[in-house]
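Subject: Structure handover and notes

Dear colleague,

I am handing over the structure below, together with my notes on what was found in it. Please read the notes with the coordinates open beside them.

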Amino acid sequence: MAQNMAAIEAEFAAEKYELVIQQADSILSNGPVLQQPRLHQLRADSYYYLGDLEKSLESYFQAIHAGENAEVRDNMLLTECYSHAGFCYREMGLYQNALPHYQRSLQIAKKINADRETAEQYYNLGTLYQHMGDYDRSIKFLDSAYQIDVARGDSEAIGFDLSLLSELRAQTGDYEEALYYAKESLAMYEPGTGNANSLGTRLHLVGNMFMTADRLDSASHYLDQAAIEFMRLDDQWRLASCWLDRARLNLKKKQFAQAIEWSQRAQDFYSAQSSSEFFILSNNLIAEAYSEMLLNEKALEILEENQKQCEQLGQLKNIRENYQLQAKVLALNGSSAKAESMKEKHKALDDSLLSLANLEQLNRLALQVKFDKLEQENQILTEQHELVQSDLSDTTKKLSFLTIAGFIAFLILLFIFFLVRNRLEKKNQALEEELGVLRRQIKTLLEGDTSDLEVDLSKLNHCLNTPLTDREFEILTHAIGDLNNSQIADKVFLSVNTVKYHLKNIYDKLGVSNRKQALEYVVKTT
């Protein structure tokens, strides 16, 4: 699997997108795999680069679903997939659908403290709100992106932030702020930040902002500098765009001959590149200059040529603008009837464009319904997965609880077992000792062997009404030990008569009449 993934990643890097989709589908068709979220993401990216936005978006949904339900979540992958899903929606014109995906991407990026991705999502939200016409929110999010990029020291990102902030300020009519951001972008330029964000691009932006603010001399200076930079880079497309802006500037300054000259340069370039749209745009500027110079016939000739090209290319919006320009020139030329005819054509085309816009809106609504359904299905699958995971978690918790409870019960039973066994051992030991004593007592009584008999005076006295004295106890122990009176007398250094006297007193205290009875009494009490 690792080798397959490495091969697919290499094919994607080599821009072999059809092969990436084919191999990813082959792996995914065999069932769930560890790299499932990444495979869906590679499919989605490949479909996007192949220009199939719908399939790209579907694949991003699959990547998101697989990523959200993965055992180990790849938050960076999820950030990218939510962001790219939002981008697909934005490309389709479904801005409301794009919004929650950018917001979710931003939420994950913040959670994992990914500053670069956080700034990128602020930027995406800013551009989205710009498309939606909510300039205040757009500026707010772009400013957030700008602050993060400044802290990160990412000069390329800063350039994009400032450029878009400049355009937004111009759209809201705040030309001084627009100029401030444009000049700030220029001041922060660092070499090597990419052609799309180059010095020439920033000079061009500043020039346009000065022109929007009607500060035409400054605009002329910066547009000249931008043209020089684009020539140095040999960036012909941006140079031609700069020529068109210089033509517009000359029109504002009433320098019509120069306006025609710059427009003609741009026209020659776009004609060589077969770029009809920009060719028509440059032609319109030439026609406008001729009209301002009261050379209406030349202006009308160019506009009629443009109209034919627009009709051939099906560029309805350019045809509409052409009708409007022709109506203006014809009115200046005194051809009121023709001017009115052009106005009517302009109005009719407006109605057609409105119908087309409504049709586009219906198509967008159909797409929205389709992808809303897909998102709902993904949400249902996610909720089902979460429910299964929740049930599994509850079952696991119950099993864990039962296991712990069983283990505790086992420990308790083990403790009780050892406690009972200890007590039984002690009881058995006591019984053994008692049995030993009984055995010795029986042996003493049956065999008359008093060698092992141990007599405790205090224990014996405890059983008597009149206790024995130490001397009497000494004589008693000798008497039950099979010594005769003479032997006892020798042992205790007394006369035989004194021994007899003591024995009589001992028998009286024990309540017996002879040595045998005295022995039995001592055995029983000890």
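Predicted model: local features only at pLDDT ≥ 70, side-chain atom pairs only at ≥ 80, totals over all residues.

Residues are numbered from 1 along each chain as its sequence is written, and side-chain values use heavy atoms, with hydrogens and water left out.

Helix packing

Two packed helices are described by the angle between their axes and the distance between the axes. Helices here are DSSP runs (H or I, at least four residues), numbered from the N terminus, and the axes are lines fitted to C-alpha atoms over the stretch in contact, with angles running from 0 to 180 degrees between N-to-C directions. Helix α8 (residues 135-152) packs against helix α9 (residues 155-171) at an angle of about 155°, their axes being 9 Å apart. That makes α8 roughly antiparallel to α9, a label for angles over 145 degrees, just as roughly parallel is the label for angles under 35 degrees. For helix α5 (residues 75-92) and α7, the axes come within 11 Å and cross at roughly 15°, and the two are therefore roughly parallel to each other. The crossing of α8 and α9 is left-handed, and the crossing of α5 and α7 is left-handed as well; the term applies if the near helix is turned anticlockwise from the far one by less than a right angle.

Backbone angles

Most residues other than glycine have a negative phi. Glu-15, however, has a positive phi near 65°, and this residue sits in the loop between α1 (2-13) and α2 (17-28). Its relative accessible area is 55%, so Glu-15 is exposed; the cut-offs are under 20% for buried, over 50% for exposed and in between for partly exposed, with a 1.4 Å probe and protein chains only. Asn-113 likewise has a positive phi, near 55°, and lies in the loop between α6 (95-111) and α7 (115-131). With a relative accessible area of 65%, Asn-113 is exposed.

Salt bridges

Side chains of opposite charge can pair when their charged atoms come close. A search of the whole structure finds 20 salt bridges, each being a side-chain nitrogen of Lys or Arg within 4 Å of a carboxyl oxygen of Asp or Glu. One of them joins Arg-137 to Asp-134, at 3.6 Å from N to O; Arg-137 is partly exposed at 44%, and Asp-134 is partly exposed at 27%.

Another links Asp-149 with Arg-152, the closest N and O atoms being 2.9 Å apart. Both residues lie in helix α8, 3 residues apart, about one turn of the helix. Asp-149 counts as buried at 3% relative accessibility, whereas Arg-152 is partly exposed at 29%.

In helix α12 (residues 216-233), Glu-229 and Arg-232 are separated by about one helical turn, because they are 3 residues apart, and their side chains meet in a salt bridge at 2.5 Å, N to O. Glu-229 is buried, with a relative accessible area of 9%, while Arg-232 is exposed, with 60%. Elsewhere, salt bridges that share partners join Glu-68, Arg-73 and Arg-104 into one network.

Surface patch

A nonpolar surface patch of about 840 Å² is made by Ile-404, Ile-408, Ile-412, Leu-413, Phe-415, Ile-416, Leu-419, Val-420 and Leu-424. Patch residues have over 30% relative accessible area and no salt bridge, and nonpolar side chains (Val, Leu, Ile, Met, Phe, Trp, Tyr) are joined within 5 Å, like charges within 9 Å; the areas come from the Shrake-Rupley method with a 1.4 Å probe. Among these residues, Ile-408 lies in helix α18 (residues 336-447) and counts as partly exposed at 44% relative accessibility.

Contacts along the chain

Asp-25, in helix α2, is partly exposed at 31% relative accessibility, and its C-alpha atom is separated by 8.8 Å from that of His-40, 15 residues apart along the chain. Leu-165, in helix α9, is buried, with a relative accessible area of 0%, and its C-alpha atom is 6.5 Å from that of Tyr-181, 16 residues apart along the chain.

Conventions. Parallel < 35°, antiparallel > 145°, perpendicular 65-115°, else oblique.
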